[in-house]
Amino acid sequence: MQQKITVAVLGTGIMGAAMARNLLKAGHGVRAWNRTRSRAEPLADDGAYVAGDPADAVRGADAVLTVLLDGPATLEAIRAAAPGLAAGTVWCQAATVGPQAQRELAGLAAEHGVHFVDSPVLGTRLPAEKGQLQVLAAGAQESRPVADRIFDAIGQKTFWLAEDGATGYASKLKLVVNAWVLTLINGATETFALAEGLGVRPEHLLDALDGTLIDSPYLRMKGKVIMDGAYYPPSFTVSGVLKDARLIARAGEEAGVHMDLTNAAAERLSRAEHDGHGDKDGAAAYLSGFRPTE
């Protein structure tokens, strides 16, 4: 039987709250913090300690799990947590932050003698709630016994990569995966918008694809969201997808890769966010797929 640990979860949004609950279900202690405290407070009913600040959250914890929006938010939280952070603590960094921010985070961990694990996850709201995420992990060998207890609670599979966490390899792999996710989201929303524009019934589109090699479960899943107008609760918000699209575009450009599709997708998502759909499911990019009528 695995030893129970105490985990400080910094960031309790869609993903972080689900991870915290699965850690509690596995019998681990959770000390939760979120910038907007009201989003962390429901976790108290599940047995978590809700901290008033990051330093309080990490104090006495065996591990830290960061699930914040982006690199700057993560840097700010860990800097605030530093007074309560003990040397030797394992820090599992699960947010999608991009290579540049990841390098800064790894450097901050080294400053404080913390074992850094670059550990972005694959999956959205429902897999997170069910503890069925896939974890991409890179970190020093000594971090693994503690990190694996966290990953076993939040995910169904962990891919330990033969890289040190400081290299950012796991985060780079996550961006490559998300580039494909972005292609699927943009393709689905634009395809359904074209069907609407041409007067093609969406069920006829899906029937025509049925049984073919170009059919896609993801297209059907997002198509149902669009057809039902069920953009809440979101699996992955428009604003979240847009943030990742910009990270992917920047990383590709720095690597000398033309990111034509990603830049086009970012433009579409930016329009959707501007139109007020930022907190909706990414499929809501469909709503901004039409030219205004004169």
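1. A word on the model and the record. What you are looking at is a predicted model. An unreviewed UniProt entry lists residues 168–286 as "domain: 3-hydroxyisobutyrate dehydrogenase-like NAD-binding". In the model, that stretch is 71% helix and 0% strand, and its end C-alpha atoms are 33 Å apart.

2. How the chain divides. The domain assignment gives domain 1 as residues 6–167 and domain 2 as residues 172–286. Between the C-alpha centres of domain 1 and domain 2 there are 27 Å. The two domains touch, with 16 residues from domain 1 and 17 residues from domain 2 taking part in the contact.

3. Helix 7 against helix 10. Look for helix 7 at residues 169–198 and helix 10 at residues 238–254; their axes come within 10 Å and cross at roughly 125 degrees. Because of that angle, helix 7 counts as oblique to helix 10. The crossing is left-handed. On the helix 7 side you will find L175, N178, A179, L182 and I185, which meet V241, D244, A245, L247, I248 and A251 of helix 10. Sorted by class, this contact has 9 nonpolar residues, 1 polar and 1 charged.

4. Helix 7 against helix 11. Helix 7 also packs on helix 11 (residues 260–277), at an angle of about 60 degrees and with the axes 10 Å apart. These two helices are therefore oblique to each other, and helix 7 passes helix 11 in a left-handed crossing. From helix 7 come L182, N186, T189, E190 and A193, and from helix 11 come T262, A265, R268 and L269. Here the classes are 4 nonpolar, 3 polar and 2 charged.

5. Helix 8 and helix 9. Which way do helix 8 and helix 9 run relative to each other, roughly parallel or roughly antiparallel? Helix 8 covers residues 202–209 and helix 9 covers residues 217–228, and they pack at about 170 degrees with their axes 11 Å apart. They are therefore roughly antiparallel. P202, L206 and L209 of helix 8 make the contact with L219, R220 and M227 of helix 9. By class, the residues of this contact are 5 nonpolar, no polar and 1 charged.

Conventions:
Residues are numbered from 1 along each chain as its sequence is written. This is a predicted model: local features need pLDDT of at least 70, side-chain atom pairs count only at pLDDT 80 or more; totals for chains, interfaces and linings use all residues. Side-chain values use heavy atoms; hydrogens and water are left out. UniProt positions are given in the numbering used here, feature names are shortened, and annotations may be inferred rather than shown by experiment. Helices (H or I, at least four residues) and strands (E, at least two) are DSSP runs, numbered from the N terminus. Axes are lines fitted to C-alpha atoms, for helices over the stretch in contact, and angles run from 0 to 180 degrees between N-to-C directions. Angles under 35 degrees count as roughly parallel, over 145 as roughly antiparallel, 65 to 115 as roughly perpendicular and the rest as oblique. A crossing is left-handed if the near helix is turned anticlockwise from the far one by less than a right angle, and right-handed if clockwise. Contact means heavy atoms within 4.5 Å. Ala, Val, Leu, Ile, Met, Phe, Trp, Tyr, Cys and Pro count as nonpolar, Asp, Glu, Lys and Arg as charged, and the others, Gly among them, as polar. Domain bounds come from an automatic or database domain assignment.
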